[in-house]
Amino acid sequence: MTGSTAPTAPTAPTTPTTPPPEAVLPPRAPEAPAPGTRLGSHYEHCFGCGPQHPGGLRIDAVAGEGLDVTAEFTVRPEHQGGPGLAHGGLLTTAMDETLGTLNWLLHAPAVTGRLETDFLSPVPVGSTLHLRAWVTGVHGRKIYSAAEARIGGPEGPVAVRAQALFVQVKLEHFTKHGRPEDIEKVLDDPDLMKRARAFEVNP
């Protein structure tokens, strides 16, 4: 047969969370926490990481060697959707929280612009998810990142994958759009680090 051409290999689909070709991996910020540092809560009442939120996830991420973090999250009964299984939206929140923590390594206040989540397997109540997130590129104000959650251990089966686009913002984003009494409480905190941390990450 003449005139035919060899089939081309399919290319991976691009989405708004795919870094463009001109994106770069920036260096870790000099002010970033040292590798192995527990990052704690960026705001004590945050649903994702706050220790004072009664039904929250209480995710406590740890800074990695590069532009990556790890975290753990145990699914409690109040986190279920279907009987005995974690709620899908809650799992998405866990991914968003962990991805948002990456911005602390870049020392760049940012908010979630888009989050894409793929659910690969059910996550039973009582399971401990081992999460890992990493920066995939930065272009202008846009920060691209990805994450995965494994059941039972860092090498366990992947239950959830996510890709995200965060957009860097100025402090005014929080003070303009946040609830005034909460903003005032944070700004009045004598602990400078807590004040900075509250506005550093907004997953």
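1. Helix α1. In this predicted model, helix α1 covers residues 88-106 and has 19 residues. At 1.5 Å a residue the helix should span 27 Å, and its end C-alpha atoms are 29 Å apart, which agrees. Of the 19 residues of α1, 15 are buried, so the helix is largely enclosed by the rest of the structure. Just after α1 comes His-107, whose phi is positive at about 55°.

2. Strand β5 and its burial. Strand β5 is made up of residues 142-151. Seven of its ten residues are buried, and the strand is therefore largely enclosed by the rest of the structure. Two partners of β5 can be described: β4 and β6.

3. Pairing of β4 with β5. Strand β4 (residues 128-139) runs antiparallel to β5, and ten bridges join the two. Within this pairing, Ala-133 stands opposite Ala-147 in β5. The hairpin of β4 and β5 has two residues between the strands, and in this hairpin Gly-140 takes a positive phi near 60°.

4. Pairing of β5 with β6. Strand β6 comprises residues 158-168 and pairs with β5 over nine bridges, again in the antiparallel sense. Six residues lie between the strands in the hairpin of β5 and β6, where Gly-152 has a positive phi near 85°. Across this pairing, Ser-145 stands opposite Ala-164 in β6.

5. Ser-145. This residue is found in strand β5. Is Ser-145 buried or exposed? Its relative accessible area is 2%, under the 20% limit, so Ser-145 counts as buried.

6. Strands β1 and β2. Strand β1 (62-63) and strand β2 (residues 68-74) run antiparallel and are joined by two bridges. Ala-63 stands opposite Val-69 in β2. The two strands form a hairpin with four residues between them. Strand β2 also pairs with β4, in the antiparallel sense and over seven bridges; here Thr-70 stands opposite Arg-132 in β4.

7. Pro-33. The segment before β1 contains Pro-33. Pro-33 is buried, with a relative accessible area of 12%. Which residues does Pro-33 contact, leaving aside its neighbours within four places in sequence? They are Arg-28, Leu-39, Ala-63, Trp-104 and Leu-105. The C-alpha atoms of Pro-33 and Leu-106 are separated by 9.9 Å, although the two residues are 73 residues apart along the chain.

8. Salt bridges. Side chains of opposite charge can pair when their charged atoms come close. The count of salt bridges comes to four. One of them joins the side chains of Arg-38 and Asp-60, at 2.9 Å from N to O. Both residues lie in the segment before β1, so the pair ties together parts that are 22 residues apart in sequence. Arg-38 is exposed, with a relative accessible area of 55%, whereas Asp-60 is partly exposed at 26%. Arg-76 forms a salt bridge with Glu-78, with the closest N and O atoms 2.8 Å apart; Glu-78 is partly exposed at 46% relative accessibility. The side chains of Arg-150 and Glu-148 also meet in a salt bridge, at 3.0 Å from N to O. Glu-148 counts as buried, at 14% relative accessibility.

9. Confidence. The mean pLDDT of the protein is 83, and 76% of its residues reach 70 or more. Among the elements, β5 has the highest mean pLDDT (98), while strand β7 (residues 201-202) has the lowest (46). Residues 1-6 have a pLDDT below 50, and this stretch has zero contacts in the model beyond near neighbours in sequence. Over residues 190-195 the pLDDT is likewise below 50, but that stretch has six contacts beyond near neighbours in sequence. Where pLDDT is low, the predicted coordinates should not be read in detail.

Notes. Residues numbered from 1 in each chain as written. Predicted model: local features only at pLDDT ≥ 70, side-chain atom pairs only at ≥ 80, totals over all residues. Heavy atoms only, no water. Buried < 20%, exposed > 50% of the residue type's maximum accessible area, 1.4 Å probe, protein only. Pairing = 2+ DSSP bridges. Contact = heavy atoms within 4.5 Å. Expected span 1.5 Å × (residues − 1). pLDDT = per-residue confidence, 0-100.
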